[in-house]
Amino acid sequence: MRELFRMVFVLTAICAGAALVLAYANKATQPAREYQLLKYVQGPSVKKVLKGYDNDPIKDVIEVSMGKDEKGQPINIKIFPGKKGGKMIGLAYSSSAQGYHGQIEVMVGVDMNGTITGISIMRHSETPGLGARVVEPAFTNQFAGMKLSGQLNLSARGGKIDGVSGASFSSQGVVSAVRKALQLFPKVKKEVS
Amino acid sequence: MAAVVREFTKGLWKEVPPFRLVLGLCPTLAVTTAAKNGIGMGLATTFVLVCSNLIISILRNAIPKKVRIAAFIVVIASFVVIVELMMQAYFYPLYKILGIFIPLIVVNCIILGRAEAFASKNSVLPSIADGLGMGLGFTMSLTLLGAIREILGNGTVFGIHIMWESFQPFGIMLKPPGAFICLGLILSIMNWISSRQRSH
Amino acid sequence: MSEYLLLIVSAIFVNNIILARYLGNCPFLGTSNRMDTAIGMAMAVVFVITLSSATTWIVQEYILKPFDLEYLQTIAFILVIASLVQLVEMFLQKSIPGLYRALGIFLPLITTNCAVLGVAVLSVESHMSFIKTLVFAFASSVGYGMALVILTGIRERSATSPIPVHLRGTPLGLITVALLALAFLGFAGMVK
């Protein structure tokens with residue numbers, strides 16, 4: 001009986017000690033880990049879409065609340081600011097829309113006037129060789145210099161963007177994601193100023 | 001003091017894992033596609049080995065025999081989680097390369113083996129020396145194997161090109177067959193060396 | 001249906017758990033000297049990996065995720081695996097002694113087989129559903145068993161051949177595995 005009690009006690013004590021140490025380690029490393037995740041996962045896209053900055057957009061990330069979703073949970077989005085000499089010259093943030101095979105996540109870079117400086121496809125599940133070709137510069141470069149207007153649409157719908165042939169759903173998905181991002185821009189600009 | 005030094009040095013040659021003490025093969029074969037990865041994995045394993053040897057040695061008289069394996073696993077796994085968190089926070093690219101082999105440190109037979117065979121029966125200082133020696137020996141072995149595979153498979157070592165211009169790398173060295181062959185040949189060389197030592 | 005078939009073919013041939021993913025080496029070489037030990041090990045592996053992957057999936061989905069404890073994944077999984085093996089051993093000893101005797105000492109040994117923890121971590125990392133995880137775990141462990149049996153067959157034959165003294169035992173075993181891995185490399189690219 002004594003032996004059983006001792007076994008249980010020792011194991012519980014070791015587990016409790018381990019739990020405490022690990023909870024502390026988790027808390028202590030959280031900021032560093034989040035930064036690394038942003039730097040390596042979103043960093044490359046952010047760097048591609050912002051132009052002419054001299055800061056570290058990842059370090060200067062601003063988290064902005066954009067209201068609540070249907071479950072009442074707050075929606076937060078991360079804005080990566082590009083600054084030159086301390087002054088904000090551009091913002092990068094991600095947006096997503098339905099493609100052919102699921103959501104396409106797009107990182108959009110805009111200058112302070114709402115003109116697109118660049119887009120980069122971050123995540124998609126489109127068909128290789130067809131819809132997946134939306135990631136190619138031949139498609140994404142078309143968006144630079146555009147504002148939220150009638151021109152920001154596929155040429156099939158009266159706009160100026162040539163879609164990837166044979167992949168109209170995927171191309172439209174990207175266009176929708178970019179339009180969604182630009183629609184949010186006035187609110188985003190207000191929150192970060 | 002001499003005894004402590006002896007515990008340290010045995011891990012560096014006489015009982016070096018994984019070449020003499022044939023344990024911990026999985027990470028050895030998997031991560032040694034480059035010398036740098038070998039060092040990273042080796043040092044992470046050394047950290048867990050030394051820390052767990054230390055704690056287990058301190059607690060060796062408090063842990064009842066029947067639950068010792070379970071207790072060892074909790075201690076070792078905790079240090080592995082700490083290593084995981086620290087790598088995610090400060091060495092993210094290396095963390096991505098080593099992948100699932102970082103959590104697999106917890107089932108690395110070297111660590112559980114040393115806990116059972118040594119740390120649970122010896123005092124703190126020799127246990128630390130044992131862990132440090134084995135860990136550094138493991139690191140050296142991984143780095144050596146990583147360097148060999150990197151040179152033959154990529155023409156570089158630590159990212160620096162050292163082979164001649166027209167050298168065509170043996171891509172197969174970076175894949176599983178290359179790993180198994182290299183390790184097999186190294187083990188046979190070790191056998192040859194120790195049989196020569198014995199005959200002298 | 002076809003995606004399950006693809007999953008199975010991929011797990012057994014293209015991404016064979018030992019010959020392509022490097023998981024489960026130590027017992028692989030240790031038990032491939034005789035056919036009966038190899039078969040015992042293969043059965044034990046299939047049994048434990050399938051069962052433990054199912055259990056760890058449940059733990060991940062219903063305990064770790066809801067409580068934000070995903071950083072404890074490693075320690076939670078290994079404890080689950082160790083306890084599961086212990087429980088299974090006790091259960092088999094009482095209820096199906098035939099199977100218990102057939103599996104022998106390999107059951108407790110499997111706790112430290114990195115293939116078990118490896119497959120568990122791989123399946124939760126790929127965010128697979130429960131059914132897919134079961135199929136993946138079963139197929140992966142069958143691939144392991146298959147590679148093990150093939151290797152044992154070869155090693156049993158080569159044991160009677162003249163081999164240079166320094167290559168005997170583990171070194172030759174590793175080189176044989178290398179050739180086996182080379183053969184399986186031919187399956188690469190079969191499944192995207």
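What is the mean pLDDT of chain C, and what percentage of its residues reach 70 or more? The model is predicted, and for chain C the mean pLDDT is 85, with 97% of its residues at 70 or more.

**Stop one: chain C, coloured by confidence**

Select helix α6 of chain C, residues 106-109, where confidence in this chain is lowest, at a mean of 73. Then move to helix α8 of chain C, residues 130-158, where confidence is highest, at 92. For the complex, the predictor gives an ipTM of 0.81 and a pTM of 0.79.

**Stop two: chain B on its own**

Hide the other chains and display chain B, which has eight helices and two strands. Followed along the sequence, its elements run α-α-α-α-α-α-α-β-β-α. The radius of gyration of chain B is 18 Å, close to the 16 Å that the globule rule gives for 200 residues, so chain B is as compact as a globular protein of that length. Turning the chain along its principal axes shows a C-alpha trace that spans about 60 × 50 × 30 Å. Of the 200 residues in chain B, 53% count as buried. Among the contacts within chain B between residues at least 6 apart in sequence, 76% join residues at least 24 apart.

**Stop three: where chain C meets chain B**

Bring back chain C and select the contact, which takes 30 residues from chain C and 32 residues from chain B. On the chain C side, at least two residues each are supplied by α2 (25-30), α4 (73-95), α7 (114-125) and α9 (170-185). Helix α9(C) gives the most to this side, with nine residues. By class, the chain C side divides into 24 nonpolar, six polar and no charged residues.

**Stop four: where chain B meets chain A**

Now display chain A with chain B: 19 residues of chain B are in contact with 17 residues of chain A. On the chain B side, α4 and α5 (92-98) each supply at least two residues. The largest share of that side, twelve residues, comes from α4(B). The side of chain B that touches chain A has 16 nonpolar, two polar and one charged residues.

**Stop five: a pair of helices across chains**

Select helix α1 of chain A, residues 2-49, together with helix α4 of chain B, residues 68-90. Their axes come within 8 Å and cross at roughly 10 degrees. That crossing angle makes α1(A) roughly parallel to α4(B). The contact of α1(A) with α4(B) has 19 nonpolar, five polar and one charged residues.

Notes:
Residues numbered from 1 in each chain as written. Chains lettered and ligands numbered in written order. Predicted model: local features only at pLDDT ≥ 70, side-chain atom pairs only at ≥ 80, totals over all residues. Axes fitted to C-alpha atoms, helices over the stretch in contact; angles between N-to-C directions. Helix = DSSP H or I, 4+ residues; strand = E, 2+ residues; numbered from the N terminus. Parallel < 35°, antiparallel > 145°, perpendicular 65-115°, else oblique. Nonpolar A, V, L, I, M, F, W, Y, C, P; charged D, E, K, R; others polar. Contact = placed C-beta atoms within 7 Å. pLDDT = per-residue confidence, 0-100. Rg over C-alpha atoms; globule rule 2.2 N^0.38 Å. Buried ≥ 20, exposed ≤ 12 C-beta atoms within 10 Å, placed from the backbone.
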